[in-house]
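Please read the points below with the structure open beside you. They cover a pocket and a helix.

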Amino acid sequence: MKIQDIIKQATNFLKEVSPSPRLDAEIIISDILKCRREDLYTRFSEDLLGKQLQECLVCIERRIQGEPVAYITGKKDFFNHTFFVEKGVLVPRPETELLVEYALHWIEEDGLKENLWVLDLGCGTGCIGISLLKEVFRLHVVAVDISETAISLTKKNAQNLNVLDKIITIQKNADDLTEDDLKDLKEHRFSGKFDIIISNPPYISYDDQNVQEGVRKHEPHEALFCKDGGLEKIKKWTQIAGEHLKPQGLWIFEIGSQQGQEAQEIVWQNKSFQQIQKVQDYAGLDRFIIAIKS
């Protein structure tokens, strides 16, 4: 079967389950062929036979069943780098790249370049903290996640992207983070407080009916859903941020598109922050809260 025919048929099958069926098909096929997606266009008339054809069909069927492309290929591009991804860890989203951009902008605006410390709550693949490390030389990241798989994957990605020496991982429920968990950081010139605390927390309500079936079925619920209408972690982690940030430090986190007003109010009520802003994504939807420690 020719590559162009496989792409065409896969695209037709995937229309029911994916908003980007052709892209999904091309990513899966190029991964199996170990080539760039762009190279497929020069190989359209090439025949796929035997093991490669069978692997393509199996992987496309997995996508038809709703499994995320990143779990099928084992990787996902995020902020100019490729991250390893595994089942049990949230797949990085394009909109979360803006979270990194806003943090970098704040660092640039404040001229903070020396011995910066960042706390990444619920680190998942490590994509947020590692992306910051790749952009700012004098930066250290402490990555916290309750999941053993997430911590292992963060270390793997940090090693692959050559920043393992600048990231420290803590496997723990971020709700329960205390100063005692950070005491060993002082040997790394940690002052005891962070310059930035950043997070893409679980923020989806358990009864939200708008979650794609493939996401609900395949991605880890503990990284997606939480109680109190999706606000539980925002409340708890805002408290953590208030306790562990330096004065004038940055608390920045992602939210659901309908949570802007409530999330902003949560941060106001904490009494630890000023200059609290809702920030929109490229679609004009509320997506982030940015706040400065008083």
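1. Helix α11 contributes three residues to the lining of the second largest pocket, the most of any element. Helices (H or I, at least four residues) and strands (E, at least two) are DSSP runs numbered from the N terminus. This is a predicted model, in which local features need pLDDT of at least 70 and side-chain atom pairs count only at pLDDT 80 or more, while totals for chains, interfaces and linings use all residues. Residues are numbered from 1 along each chain as its sequence is written, and side-chain values use heavy atoms, with hydrogens and water left out.

2. Helix α7, residues 148–160, has 13 residues. From first C-alpha to last it reaches 18 Å, close to the 18 Å expected at 1.5 Å a residue (the expected span is 1.5 Å times one less than the number of residues).

3. Which residues of α7 are buried? They are A150, I151, L153, T154, N157 and A158 (buried means under 20% relative accessible area, exposed over 50%, partly exposed in between, with a 1.4 Å probe and protein chains only). These buried residues line one face of α7, because seen down the axis they fall within an arc of 165° (the arc of the directions from the helix axis to the C-beta atoms). On the other side of α7, E148 and Q159 are exposed.

4. The buried residues of α7 pack against β2 (81–84), α6, β4 and β5 (167–171), where contact means heavy atoms within 4.5 Å.

5. E16 sits in the loop between α1 (3–14) and α2 (21–33). E16 counts as exposed because its relative accessibility is 73%.
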